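Biologist: I have a structure open and would like to go through it with you. Could you take my questions one at a time?

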Amino acid sequence: MTAARLRTSVRVEDEGWRVGLPDAAHQCRRAAVAGWTLGRRALNDEHALSRPLSAPVEISILLSSDDVIQDLNSTHRGKDRPTNVLSFPGDHSPGAPGMDILLGDIILAWGTVSGEAKAENKPVSDHTSHLVIHGVLHLLGYDHETDDDATRMERLEIDSLARLGVRDPYGTGC
């Protein structure tokens with residue numbers, strides 16, 4: 001598998017991110033690369049993104065608010081409450097020549113993310129990195145619907161976070 005260039009655009013929409021995690025955009029980009037690298041490497045051979053890619057791959061990350069993510073969660077998942085992260089997969093097929101492959105969009109909610117980090121006594125930067133990696137893995141097609149799928153996804157999260165110097169968020173000691 002050849003390396004594929006990953007372009008990660010980060011937009012900070014909620015002021016809480018600027019105040020509470022001033023280097024949030026940098027954190028998100030590093031986490032996206034870590035999740036992309038290990039997640040792509042673990043894909044089966046039939047997956048479109050496991051093949052050599054001629055175009056860069058793009059991920060868009062929006063650092064938003066609980067209100068915005070609650071609206072999206074209600075509209076797209078039928079759950080009228082905020083959540084920490086949502087992922088919206090893109091079209092993984094190459095478009096017109098010279099166009100990026102859109103892996104998808106990831107949205108994080110400041111209030112929920114910072115509240116969870118505080119409740120779990122962990123740095124918000126570590127929790128943010130974990131959620132971005134989790135989102136990237138969803139964009140690659142991973143899920144946690146079965147125990148086996150959850151174990152596989154968690155292992156990729158733990159290994160990706162370790163590359164960033166972040167401890168195992170599940171406390172499994174793996």
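Biologist: How many of the 16 residues of H5 are buried?

Modeller: Bear in mind that this is a predicted model. In H5, 14 of the 16 residues are buried, so the helix is largely enclosed by the rest of the structure.

Biologist: And what span should H5 have, at 1.5 Å a residue?

Modeller: Helix H5 covers residues 124-139 and should span 22 Å, which agrees with its end C-alpha atoms being 22 Å apart. Just after H5 comes Gly141, which takes a positive phi of about 105 degrees.

Biologist: Switching topic, how many cavities of 30 Å³ or more are there?

Modeller: The count comes to 1 cavity of 30 Å³ or more, and about 80 Å³ of space lies in the largest cavity.

Biologist: Which element gives the largest share of the lining of that cavity?

Modeller: That is H5, with 3 residues of the lining. The residues lining the largest cavity include Asp126, His127 and His130, along with Lys122, Arg167 and Asp168. By type, the lining divides into 4 nonpolar, 2 polar and 4 charged residues.

Biologist: Where does Lys122 lie, then?

Modeller: Lys122 lies in the loop between helix H4 (110-119) and H5.

Biologist: Is Lys122 buried or exposed?

Modeller: Lys122 has a relative accessible area of 16%, which means that it counts as buried, since the cut-off for buried is under 20%.

Biologist: What is Lys122 in contact with, leaving aside its neighbours within four places in sequence?

Modeller: With those neighbours left aside, Lys122 is in contact with Ala117, His127, Arg167 and Pro169.

Note on methods: Residues are numbered from 1 along each chain as its sequence is written. This is a predicted model: local features need pLDDT of at least 70, side-chain atom pairs count only at pLDDT 80 or more; totals for chains, interfaces and linings use all residues. Side-chain values use heavy atoms; hydrogens and water are left out. Helices (H or I, at least four residues) and strands (E, at least two) are DSSP runs, numbered from the N terminus. The expected span of a helix is 1.5 Å times one less than its number of residues. Buried means under 20% relative accessible area, exposed over 50%, partly exposed in between (1.4 Å probe, protein chains only). On a 1 Å grid over the protein atoms alone, a cavity is a set of points where a 1.4 Å probe fits but cannot get out, and a pocket is an open set with protein on both sides within 12 Å along at least five of seven lines; lining residues have an atom within 4 Å of a point. Grid points are joined across faces, edges and corners, and a volume is the space filled by probe spheres set on the points. Ala, Val, Leu, Ile, Met, Phe, Trp, Tyr, Cys and Pro count as nonpolar, Asp, Glu, Lys and Arg as charged, and the others, Gly among them, as polar. Contact means heavy atoms within 4.5 Å.
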